[in-house]
Structure formats: C-alpha cells, structure tokens
Amino acid sequence: MTIQDGCQLSGQEMDAVHTALQRANFAIYAFKGSAGEDKVLIRQLGRQLGLERLDDNLCSDEDGITSLKVVQKRREGEYIPYTNKRLNWHTDGYYNSLDRQIRGVILHCVQPAAAGGESALMDHEITYIQLRDKNPGYIRALMAADAMTIPPNVQNGKQIRPEQGGPVFSVATDGHLHMRYSARARNIVWKDDSSTQAAVEFLLSLFQQDSPYIFRHRLKSGEGILTNNVLHCRSSFEDDTASGQTRLLYRARYFDRIVDPGSH
Ligand SMILES: [Fe+2]
C-alpha cells in the first residue's frame, strides 16, 4: 500500500493499514512523495498507529531507532542482524524480560543491498492455529512458563543480560496473542520433555515447507513493514561498497501493539 505522507495518514491509508493488520498482523507500505528525514517519518507514522514506547536496546541509535547495516565493530558485529548472513525465523525481542516484550515493529528500508536480503513473514496467530490443529498438546507445551530459556548474554566475562525463561505463546492483558521465538538452536534452551520437543520440531517444519501463509518480499528504498511482531526471517545479502549499494534498514521496536481500528 502507498503512503503519500508518513507524517499524516489519510483516512483511506489508515483503513488500508488496519485491514492488512487485521488479516495478517502486518502491512507493507511504500512512502511516495514524502519529504523529510526517514527516521522522523517513521516516528510519526508509528505515533498515528499507537506506537509510542520505543525499546532502547543495546545497539539502537540515540533516538531509539536502530540502523541495521553491516558493521565491523565488535559488539554489534557479534549479532547476526549486523552482518550480511541469513537471519533465521524469530520474533523480535524474544530475549527481553517478560515485562518488556516487543508488541509492534516498523522496519523501513532506506537502501536495499546489491543482491539478496529478502524478508519472509508469517502471522504468529496462523502459526498458533496450525500447531493447535495438529495437536492441542503442542499449545499447552508452548504456553508453559518454563517452555524456553534464553541463556544469559555474557561478553568479555560481563553479563549484559541475565538468563530469561518464559513461554513461547502468551495472551497479553488486552487479549492479543504474543509469541517469543527463535529458530536458531544456540539462542534457546528448550524444556527437556517430549511434548515440548515435539512441538518445537513441528513448529520448525512449518518454516521448511511451502506454505500459503509465508509471505516473501524484498524491500525497496522507501518501503517498510508495519507489524505486530509476527514471525519473520531474512535471507543473506551482498553489499557493493564500491558503488555504495549497501543495505540500510531502520528498525523501531515498541512495547505497544498497533492500535486496533475503532479503539482510537
Ligand atoms: Fe527481527
């Protein structure tokens, strides 16, 4: 969907965003004719949709919005988002403490890579339904408070983030489903019982098959994704530093969910 001015959505644009979000919990937009600095536009766009409280993570810029690009610096370079490698299926901020979970995200493309860097998305509500249809026991296992444990983040002998346990699926106080997940095996220690293991295995299989619920898109300059933190991943990419075709995305993560139509 096209957005003429990110600072001021028209009624029609607002309706289109909400329709897409109701259907799939994400929307792809393209800024057209918007004048101004991308980060300001993103901040304003978010505000109109109820996205206000930004998560200032370890690597975000001073304004709380993160520049995702390949960096050689040591700290960020240790995290895959700051490399050109493939990024496996996950939800954002799954490692955050339970009271600081990410409910809404804007991912905005300033410039795509010379090649690669395609995004894939899958609505986590659909994933929940697929798991439940296969075996309701999978849902019970993944809603358990001890289903997954994220090991502490320790760098140079210093603990940056403590161990973080919790469920995969939970229901927020507003009644909406929330998901914490990473398919990267080293990021999560799964509960060692057969139902959790079977649920995790089935979940992984959902990403490996052709699915009508997986949406793939390579963001172009000026395009972005508005999402209620659905499952997503990214393919590897190649920058061309000689020509300046290097990938730059802005990412804003919020403790808020995109406001539902009618409630504002
Ligand atoms: Fe992400």
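# Strands, loops and burial

User: What makes strand β7 (residues 119-122) and strand β17 (residues 231-234) a pair?

Analyst: Four bridges join β7 to β17, and the two strands run antiparallel. Two strands pair if DSSP finds at least two bridges between them, so four bridges make β7 and β17 a pair. You can find two of the contacts yourself: Met122 has Leu231 as its bridge partner in β17, and Ser119 stands opposite Arg234.

User: Before we go on, what kind of model is this?

Analyst: It is a predicted model, in which local features need pLDDT of at least 70 and side-chain atom pairs count only at pLDDT 80 or more, while totals for chains, interfaces and linings use all residues. Residues are numbered from 1 along each chain as its sequence is written.

User: How do you know that β7 also pairs with β15?

Analyst: Three bridges link β7 and β15 in the antiparallel sense, and one of the residues to look at is Ala120, whose bridge partner in β15 is Arg216. The sheet has four strands in the order β4-β17-β7-β15; it is open, with antiparallel pairing.

User: Why are β4 (87-90) and β15 (215-217) called edge strands?

Analyst: Each of them pairs on one side only. Neighbouring strands in this sheet are turned by 15° against each other on average, direction ignored (axes are lines fitted to C-alpha atoms, for helices over the stretch in contact, and angles run from 0 to 180 degrees between N-to-C directions).

User: How many helices and strands does the protein have, and what counts as one?

Analyst: There are six helices and 19 strands. Helices (H or I, at least four residues) and strands (E, at least two) are DSSP runs, numbered from the N terminus.

User: Why is Asn25 called buried?

Analyst: A residue is buried if 20 or more other C-beta atoms lie within 10 Å of its own, exposed if 12 or fewer, and partly exposed in between, with C-beta atoms placed from the backbone. Asn25 has 24 other C-beta atoms within 10 Å, so it is buried. Asn25 sits in the loop between α1 (11-24) and β2 (26-31). Leaving aside residues up to four places away in sequence, Asn25 touches Asp123, Glu125, Thr227, Asn228 and Val230 (contact means C-beta atoms, placed from the backbone, within 7 Å). The C-alpha atoms of Asn25 and Asn228 are 5.5 Å apart, although 203 residues separate the two along the chain.

User: What makes the backbone of Asn25 worth a look?

Analyst: Most residues other than glycine have a negative phi. Asn25 is not a glycine, yet its phi is positive, about 65°. Asn229 also has a positive phi, near 50°, and lies in the loop between β16 (223-227) and β17. With 25 C-beta neighbours inside 10 Å, Asn229 counts as buried.

User: Which residues of helix α2 (residues 38-48) are buried, and what do they pack against?

Analyst: They are Leu41, Ile42, Arg43, Leu45 and Gly46, and they pack against β2, β5 (104-111) and β19 (248-254). Just after α2, Gly50 takes a positive phi of about 85°.

User: How do you know that the radius of gyration agrees with a compact globule?

Analyst: The radius of gyration is taken over C-alpha atoms, and the globule rule is 2.2 Å times the number of residues to the power 0.38. For 264 residues a compact globule would have a value near 18 Å, and the protein has 18 Å, so the two agree. Of the 264 residues, 31% are buried.

How values were computed
Contact = placed C-beta atoms within 7 Å.
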